[in-house]
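Please examine the sequence and the three-dimensional structure shown below.

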Amino acid sequence: MATEVKICAPGGRGFVFPATESEQTWEVMFRAVLYLVALLYTFLGVSIVADKFVTAIETITSSKRRVLQSATGRVITVSVWNGTVANLTLMALGSSSPEILLSVIEIIGNDFFSGSLGPGTIVGSAAFNLFVIVGVCVVAVPAGETRKIKEIGVYKMTAVFSIFAYIWLVVIVKINSVNVVETWEALATLGLAPVFILASYLTDIGWWSGKPKVPIIEKPLALCPESQRTVPFRLEGEFRVSAGAGRTVWRPRGPASEESSSTPTDTPCDVLWQEFFDPGVITDRNGLPYHIDAGIFTFSEDTWDVSSGLEKRELLVPVFRKNGTDGVVSCKYRTEGRSAVAGYDFIDSQGELKFAPGQTDAVVALELLPKRLGEASDQFQLILEDPEGGAVFNPNHDGSPDRAILTLTIHNENDEMTQNSASLQLSQFLDKAVNMDQWRLGTRTWYEDVVSAITDVTEEGERATCFDWFMHLISIPWKLAFALLVPPPVYLGGWLCFSMSLVAIGGVTCIVMDFAELFGCVAGIEDSITAFTIVAMGTSMPDLFASKQAACADAYADASIVNVTGSNSVNVFLGIGLPWAIAAIYWQAAGPSDEWKNKYEGKYPSSSFIVEGDDLVFSVAVFTLAACAGLGVLWLRRSRLGGELGGPVGLKYLSG
C-alpha cells in the first residue's frame, strides 16, 4: 500500500505552498512559527475581502422596485428581497463563505476523499459563533440596557434547525450507514438548505400561525419610454421663478384650477405632471379623517415628473403637516437614487425638517444636475423618516409606517433633438441598457478604492495611532490586491463585486488550507484540531466584530443572535452538504480508483464516499449538548431579564 506523502515532508505539496523544496530542510520550530504567522496573516486577507463581499451583498439585498398594488391601486416601493430570505441566503453565505469554500476546495484537492479541515472548521465555527460571539454581544450592550429578539418566530425556527443540522450529521455518518455517506444522504443534506429557508420564510410571513401577512400582489412598473413622450416639459406662469444665473426653481401655487384638476393617473403618458397643491385632510378608506394631534407628514403626491436640461436647476419640494398641528415635530429627509445617480443626475441631500406649533408646511430644496443630449430619463426618491413629536406619515401614499417616499422622474427636456439624430438615439439606447452614469461612477470609485488602499490609514477624521499605521502597512498587499481584483458594487447591481469577491475568497482559502496543514504537520497537531480551533476562530473573527457592533447599535438582538443560528444551519447544509454531494456523486459515477481500493476495499461497499468520522461525531455531540444549554440560557434571559442581550452588569457577565 502506497504511503501518502505529508505536506510538510520532502515531496509534499499543497495548492500553493510550500513555495520551494528547500523549505523541507528548515528547522522545525522555525517552520512552525513561520507557518502560524503566515496563517494568521491570511486571516487578515480573509477579513478584508469578506468586507467587500458583504458590501456587495448589502447592495444586492437593498435593491427596490416600484410596483402596482392591485388591492389598492397604489404604486408603492418594495424591497426585491424578503428580509428573512436575504439573511439566510446571501447574508449567511457572506459570513460563512470561507468555511463553505474551505470544505469544497478540500474535497476537490483531496481527489474527492474526505478531509478533516472542512468539517472541523464548520463545527468549530459554529461553536465560536454561538458561544463566543453571542457571549460577547451579551456583555457588549451598554450597562442598564437590554436587547431582545424582535422576530421570535424566525429565531425559534433557526434555533431548531441549528440543532437538528448537527444531529443529522451524526445520523448519516454513524447510524444509518456507518462511515459511509450515501448519495441520497448527501443530497438530502444539501436539499435541507432550501427547506430551511422556506420554513423560515413561512414563519416570517405568519403562515404557520394561521395569521399570514397578506403578500403584496405586484406588477413592476417601468419608466415611460421617451418615444411616447411627444410634449416637452415647460414651466409656465407662477411655476417659473428666476433664481439667479443658470438656475430655475419650482414653487407651489395655490389649489389647482378646475381645468387642471385631473389626477396624474388620468394624465396621458406623454403629459408631464408638474402641478402640486395642498392635499387637504388625510382620510381613511371610509372617508373619515385620521385624528393625529401632532399631524401627518405628507407630500402633495407620491410621484412627480420633472425635467432637466443643459443647466442645473433647483427643485423646491413642499412637505405638508395635515390633520393636526400640536407641538413641535420633526422628521429627517434624504435622497436615494434608483436609476438616477447621485453626483451625475442630482445632488445627494439630507437634513431635518422641524415644524413649530401651528406650522403646516416646510420645503426641501433639491438640485438637479444637467442632462446631456441623448441621456435617458432617470428616477430618484426623496425619503422622509424618523418622525419625532408624535407625528406620523401619510398611510395612503408610498412608504410604510416609518417612512414616506416621493419618487421623482427626471425627464430630458431636449428629447426632441434626440429624435432627429441617429447618434443621440444610439446614446440614449445605451444609457437605458447599462446606465452610463453608473458605469462612470463605478470607474471613479474603483480608482479611488485603489488609491485609498495605499493612502487611507484610518476612517476620515480619525487620528492614526502607531497600531493603526502598523496594521495599515502590513495589510497594504491585501488591500491593494483586492482593490484591483474586486470592482466596487456599483456595477450590475452588486453582482459583479459579489462574483469577484467569491473568487478572491476561494483563492485566499486555498492559501489558508496550505498553511493550516503545514502548521499542523510540523507541529504534530491533527488537522481536525487545527480546524476546530485556529482556523475556525480566524474565519469567524469578522463576524465577531460585526455582531458586537450590531448589538451596541441596533434596537433589537436579531442581527446578533438570529444571524448566528441561521448561519450555523447554512454551514452544515451548504458547507458539508455541497462537498459531500459532489464527492458521493463522483464516486458513484467514476467507480473505485486504485487509491480508493488501497484504502477501503473489503471494508466498505465499492464506489462509496467514506467519512471515517469518529472525531467529527464526538465534536458534534459535544457541541449539540452545549448548544442546547446555551440556547436555554438565552431563553432564561428573555423570560427573566426581558431580553437576550444586556441587563444588569453582574448577570450579563455571569450569563455571557
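Ile-405 is buried, with a relative accessible area of 5%; buried means under 20% relative accessible area, exposed over 50%, and partly exposed in between, with a 1.4 Å probe and protein chains only. The model is predicted, so local features need pLDDT of at least 70 and side-chain atom pairs count only at pLDDT 80 or more, while totals for chains, interfaces and linings use all residues. Residues are numbered from 1 along each chain as its sequence is written, and side-chain values use heavy atoms, with hydrogens and water left out.

**Surroundings of Ile-405**

- Ile-405 belongs to strand β16, which covers residues 403–412; helices (H or I, at least four residues) and strands (E, at least two) are DSSP runs, numbered from the N terminus.
- Not counting residues up to four places away in sequence, Ile-405 touches Thr-77, Phe-299, Asp-302, Gln-381, Leu-382, Ile-383, Asp-398 and Gly-399, where contact means heavy atoms within 4.5 Å.
- Tyr-333 is 72 residues from Ile-405 in sequence, and the two C-alpha atoms are 9.7 Å apart in space.

**The chain as a whole**

- The protein chain contains 16 helices and 18 strands.
- Of its 656 residues, 47% count as buried.
- Among contacts in the protein chain with a separation of 6 or more, 74% are between residues 24 or more positions apart.

- Ala-188 is located in helix α5, residues 183–204, and counts as partly exposed at 27% relative accessibility.
- The C-alpha atom of Ala-188 is separated by 8.9 Å from that of Phe-573, although the two residues are 385 residues apart along the chain.
- Ser-200 is also found in helix α5, and it counts as buried because its relative accessibility is 0%.
- The side chain of Ser-200 reaches the backbone oxygen of Phe-196 at 3.0 Å.
- Leaving aside neighbours within four places in sequence, Ser-200 is in contact with Thr-84, Leu-88, Val-154, Met-157 and Thr-158.

**A buried loop residue**

- Ser-377 lies in the loop between β12 (361–368) and β13 (378–388), and is buried with a relative accessible area of 5%.
- The side chains of Ser-377 and His-411 are joined by a polar contact of 3.1 Å. Such a contact is a pair of N or O atoms within 3.5 Å; within protein, one must be able to donate a hydrogen and the other to accept it, and residues adjacent in sequence count only if both atoms are side-chain atoms.

**Helix pairs**

- The axes of helix α8 (residues 436–455) and helix α9 (residues 466–485) come within 8 Å and cross at roughly 170 degrees. Axes are lines fitted to C-alpha atoms, for helices over the stretch in contact, and angles run from 0 to 180 degrees between N-to-C directions.
- Helix α8 is therefore roughly antiparallel to α9; angles under 35 degrees count as roughly parallel, over 145 as roughly antiparallel, 65 to 115 as roughly perpendicular and the rest as oblique.
- Helix α12 (residues 558–575) and helix α13 (residues 577–590) pack at an angle of about 10 degrees, with their axes 4 Å apart, which makes α12 roughly parallel to α13.
- Val-572, Phe-573, Leu-574 and Gly-575 of α12 form this contact with Gly-577, Leu-578 and Pro-579 of α13.
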